[in-house]
Amino acid sequence: MSTDEVIDFLKGQLKDYGKVKYVHVPRFKTSGSLRGFAFVEFGSKKAADNALSTLAPTEYDLVRTPLIPASIKGRKTVGEAEGWMPKTAPYATSLSLSERLARQMVWRCCARRSKQERAAFRRLLHAGYRRPNPLDAEYHLITEGSTISAEEGKATEERRERLRLLPYSDWELWRTRFYQWQRAWVTRMNSKAEKLSAQAERKMRTVSIASTSKVTSPHSEPAANGSPHSTSLGLPSSYSPGTVVEVLWPVETKMMNQDLRKQMRHVRLAIEASVLQPHNLLHSVAHFDTQSSHQLLPLHRHQRLPSTLVDPNGTARVYIRFKEPQGAKTFVSAITESGTDSFQDGVDAKDAYRQRSSCSAEILEGEREAEYCAAIAASKAGAAERRRRAQAAKRRKKVKSQNAVSPP
């Protein structure tokens, strides 16, 4: 149909409600085909109100609401804000009937295909994502509803053929929220693609360091079953080789008599304030580790540190794991080049001397890094066992309480 034919048709359908002053029929820019909706300006407010009261969408026009999945049910609220946020938009139960109808009608008229959306989904596929486009799936849930039968599909087609009017204020509101929802989905897909790419890269790095340790560490002791020690077992998913720095940091005299946890907290705050924050490295830190010191020999020393993690001379040993190797290199360079210039002010002469002589940092490599990875794996295994026992105790307690409440 031509534009003039559509305009004449709409004027003929709406002339009974009052004078139609102007009709605009949008078309797609690329194909030139009709987009399926139009903007109508009436000659008076009374005519517009009469048309809206008769041709406004009704509950019959609302698509079937999909069942709320368990992941959404577990949330405290699925409020109005989630009406245009990814993953929760189809299940926004706090929206009124008129708001849901306006969203459904307006979003059906909006073009969801954009260059940013297509590029985001391509990046997601390239990163290893193998499911359908999540934006498309959620769009269909909102505008078309869940899976419907043949009879319901026929009723849907009949509803589409009927003329429906919405106030222009609804168009402006839900069109803005549609593009907010679309931008949020693009951001979400880009973030997911980055996460999948990082996981694949870390997996390749972990496999690489595991195979390298088997080849380049001939002096390492074999495991009980005769196979060389593998550093890839039990490691955190965020671990990357060449990112762990062992730091020897002085403890101030006034903190020597404090509790161990307070000492280590003071050391962490001192490192953050003296090195990490001035060199913009706070966001590059993945983990601040003070537990693996029990199981590793200190660098350039032949004796073990005591279990308190602080030697008699007041030097604490901690490990900082960065997100990327470049962050670890920058930190070591900052420790090496800054000397005593970046240390905290207000310390006495004895503490200043100890800072100059005791502070050092070195990136773990080779067999030393393999030992650290083994310590992490052992620590994760212990934590998993503790979680398993805690969950089992919780289940036993729940069963016991249910048996006590139930009648004999």
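Guide: With a cut-off. A residue counts as buried under 20% relative accessible area, as exposed over 50%, and as partly exposed in between. K45 has 64% relative accessibility, so K45 is exposed. Keep in mind that this is a predicted model.

Visitor: Is D49 buried, exposed or partly exposed?

Guide: D49 is partly exposed, because its relative accessible area is 37%. The side chains of D49 and K45 form a salt bridge, 3.0 Å from N to O. Both residues belong to helix α2 (residues 45-55). They sit 4 residues apart, about one turn of the helix.

Visitor: How many salt bridges does a search of the whole structure find?

Guide: It finds 6. One of them joins the side chains of E246 and R317, at 3.2 Å from N to O. E246 lies in strand β3 (residues 244-250) and R317 in strand β5 (residues 315-322), so the pair ties together parts 71 residues apart in sequence.

Visitor: Are E246 and R317 buried or exposed?

Guide: E246 is buried, at 3% relative accessibility. R317 is buried too, at 0%.

Visitor: Which residues are linked with them in a network of salt bridges?

Guide: R368 and E371 join E246 and R317 in that network. The side chains of E371 and R368 meet at 3.7 Å, N to O. Both lie in helix α12 (residues 366-405), 3 residues apart. R368 is buried, with 12% relative accessible area. E371 is partly exposed, at 35%.

Visitor: Now the nonpolar side chains. What is the general idea?

Guide: In soluble globular proteins, nonpolar side chains tend to be buried together. Here the largest nonpolar core has 27 residues. V106, W107, L124, W174, F178, W181 and M189 touch the most other members. Helices α4, α5, α6 and α8 each supply at least two residues of this core. The largest share, 9 residues, comes from α8.

Visitor: What does W181 touch, leaving out residues up to four places away in sequence?

Guide: W181 touches W84, M85, P86, A89, W107, L135, E138 and Y139. A second, separate core has 26 residues, including M255, A270, A316 and A361.

Visitor: How do I check a helix such as α5?

Guide: At 1.5 Å a residue, the 12 residues of α5 should span 16 Å, and its end C-alpha atoms are 16 Å apart, which agrees. Within α5, E117, A119, A120, F121 and L124 are buried. Just after α5, G128 takes a positive phi of about 115°.

Conventions
Residues are numbered from 1 along each chain as its sequence is written. This is a predicted model: local features need pLDDT of at least 70, side-chain atom pairs count only at pLDDT 80 or more; totals for chains, interfaces and linings use all residues. Side-chain values use heavy atoms; hydrogens and water are left out. A nonpolar core is a set of buried Ala, Val, Leu, Ile, Met, Phe, Trp, Tyr and Cys residues joined through side-chain atoms within 4.5 Å. Buried means under 20% relative accessible area, exposed over 50%, partly exposed in between (1.4 Å probe, protein chains only). Contact means heavy atoms within 4.5 Å. The expected span of a helix is 1.5 Å times one less than its number of residues. A salt bridge is a side-chain nitrogen of Lys or Arg within 4 Å of a carboxyl oxygen of Asp or Glu.
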